[in-house]
Amino acid sequence: MDVHDPPLTIQKFRTSNIVRCGTSGVRGDPLQLYLSQFGYLSPKYRNPTSGNLLDQDTWEKAIMEFQSFAGLNVTGELDGETMQLMSLPRCGVKDKVGFGSDTRSKRYALQGSRWKVKDLTYRISKYPKRLERPAVDKEIAKAFAVWSEYTDLRFTPKRTGAVHIDIRFEENEHGDGDPFDGPGGTLAHAYFPVYGGDAHFDDAEQWTIDKSRGTNLFQVAAHEFGHSLGLSHSDVRSALMAPFYRGYDPVFRLDSDDVQGIQTLYGPKTRTGGGGGNGVSPGTPTRTPRPKTPVELDSELCASPKIDAVFNTADGSTYAFKGDKYYKLTENAVAEGYPKKIAEGWPGLPGNIDAAFTYKNGKTYFFQGTKYWRYQGRQVDGDYPKEISEGFTGVPDHLDAAMVWGGNGKIYFYKGSKFWRFDPLKRPPVKSTYPKPISNWEGVPNSIDAALQYTNGYTYFFKDDKYYRFNDRTFTVDQSDPPFPRPTAHWWYGCKNTPSTFNTLGNVRLQKSDEHPDDITNLILDAAMQVGFTKSRAEPGAMFATGIQTNSVQM
């Protein structure tokens with residue numbers, strides 16, 4: 001799979017216990033040291049003069065894992081893009097921190113510890129020299145509110161007494177054995193909950209507020225507090241917890257990947273007050289029946305809801321393709337001004353697309369017949385189309401659907417009664433045990449039209465005029481009232497005068513299966529136990545489905 005992408009500019013680092021951001025010093029063989037320092041090679045290879053011989057397979061695997069984490073083209077070779085990324089400032093702790101990170105079982109990463117209470121206190125015990133205290137208080141509170149907006153966490157500042165999280169602005173050596181290095185380099189570091197949760201910022205930096213110059217205090221603080229709450233780095237580029245600092249963002253918004261991570265540790269927001277918001281998390285949308293003022297939709301879509309493909313883009317938008325048209329989907333309807341022509345939205349892309357997905361590098365892949373196209377945003381990304389057999393070895397032509405599954409971050413392709421799992425890190429990328437029967441996905445029918453991991457964390461499958469919501473925790477189609485499958489026209493398109501349920505018509509009989517893909521369910525549940533996060537049966541999809549539990553019916 002030819003996935004490649006230029007890196008972002010600055011990145012965040014950590015040591016074994018602390019997370020820090022800045023540049024890394026390199027001695028000896030810089031590449032071998034780099035890969036060892038950040039967890040891609042065993043520590044025994046950190047000193048090239050130690051006599052430990054590094055075989056070619058181990059070396060290539062280390063490079064491939066780094067490339068995969070960074071969203072680069074996974075080649076196993078030190079190409080120009082890989083060397084460029086390694087030469088940039090980045091984060092001094094290993095990239096693989098927390099359970100499941102060896103196999104990248106999920107996009108966000110959990111360090112393995114969390115606070116046992118949700119009412120947390122903090123104190124700024126030492127302020128920066130170049131900013132006014134009231135302004136700093138406001139930015140720090142705003143950074144904590146990033147996380148309380150989506151959870152029941154509540155953060156209260158204290159002037160005296162013991163606190164959960166102590167915040168200090170320091171220079172050079174400051175008593176924790178991890179000295180700061182002046183302007184540039186290391187920006188800040190934060191302890192995980194098991195180590196106390198404190199956050200330290202380098203006071204030699206030019207901290208700024210709402211300005212493009214200098215280092216934005218709010219964004220760095222929000223990232224560091226994510227570590228203070230138990231989150232490690234994510235390999236999703238747009239996530240706040242990604243290891244790359246993007247600079248000042250005047251329209252900052254927490255990524256859905258960050259929301260899934262923090263809600264996995266602390267659950268979704270259920271209470272109001274004391275942390276911002278009204279009890280509804282805007283970043284974890286649910287789907288409700290038809291808007292109050294539904295827009296006039298294209299009659300073809302409401303009369304014939306069957307679609308060719310559905311996918312999310314890197315900016316979080318959701319699009320459905322049908323014939324030579326495409327529709328932008330909101331949380332409960334089709335956006336105004338649609339449909340539009342696919343050829344106008346994605347120049348060079350034909351209609352009648354078979355399948356589509358956006359990978360973690362932010363690039364979108366479209367499939368039709370024997371060929372595929374790769375787009376960066378709305379522009380074709382190179383010399384396309386190419387043969388599916390060249391870029392996706394082991395994947396069949398004439399697909400029904402494709403998606404990147406949140407359960408393990410790998411790509412799944414569907415055709416007829418079978419599915420294939422594609423892992424660009426492996427050689428070959430499709431194991432010899434594939435294809436496997438779609439019946440392994442309990443309750444999902446054969447010959448689906450489209451598949452999607454939606455922004456609320458649920459997995460959805462579409463066939464004809466129906467859709468199925470899949471529970472990644474129980475690995476079955478969700479049990480709900482009204483039951484699944486449900487009419488797509490009513491719940492996704494906001495079509496007027498359409499039923500909200502099929503009653504018993506069109507339901508697929510759940511077939512028991514003894515096999516789950518790679519037994520990922522057991523891995524997920526084991527991981528949930530390690531962080532002490534439990535959910536009741538009334539909250540489906542606890543690990544990856546972060547829809548809000550409200551009085552309204554969820555899509």
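Predicted model: local features only at pLDDT ≥ 70, side-chain atom pairs only at ≥ 80, totals over all residues.
**Entry 1: the disulfide**

I searched the whole structure for disulfides and found one. Cys302 and Cys495 form it, with their sulfur atoms 2.1 Å apart. I then looked up the torsion about the S-S bond. It is about -90°, so this disulfide is left-handed.

Where do the two cysteines lie? Cys302 is in helix H7, residues 299-303. Cys495 is in the loop between helix H10 (488-491) and helix H11 (520-530). The pair therefore ties together parts that are 193 residues apart in sequence.

I checked accessibility next. Cys302 has 23% relative accessibility, so I noted it as partly exposed. Cys495 has a relative accessible area of 1%, so I noted it as buried.

**Entry 2: the sheet**

I traced an open sheet of four strands. Its order is S20-S21-S22-S23, and the pairing is antiparallel. Which strands stand at the edges? They are S20 (401-404) and S23 (436-437). Each has a single partner strand, so one side of each is left without a neighbour in the sheet.

I followed S23 to its partner. Strand S22, residues 418-422, pairs with S23 over two bridges, in the antiparallel sense. Phe419 has Lys436 in S23 as its bridge partner.

**Entry 3: Thr364**

I found Thr364 in strand S16, residues 363-368. Is Thr364 buried or exposed? Its relative accessibility is 4%, so it counts as buried.

I then listed its surroundings. The side chains of Thr364 and Thr358 are joined by a polar contact of 2.7 Å. Leaving aside neighbours within four places in sequence, Thr364 also touches other residues, including Phe311, Phe357 and Trp373.

Definitions and conventions
Residues numbered from 1 in each chain as written. Heavy atoms only, no water. Buried < 20%, exposed > 50% of the residue type's maximum accessible area, 1.4 Å probe, protein only. Polar contact = N/O pair within 3.5 Å; in protein donor to acceptor, adjacent residues only side chain to side chain. Contact = heavy atoms within 4.5 Å. Pairing = 2+ DSSP bridges. Disulfide = S-S within 2.5 Å.
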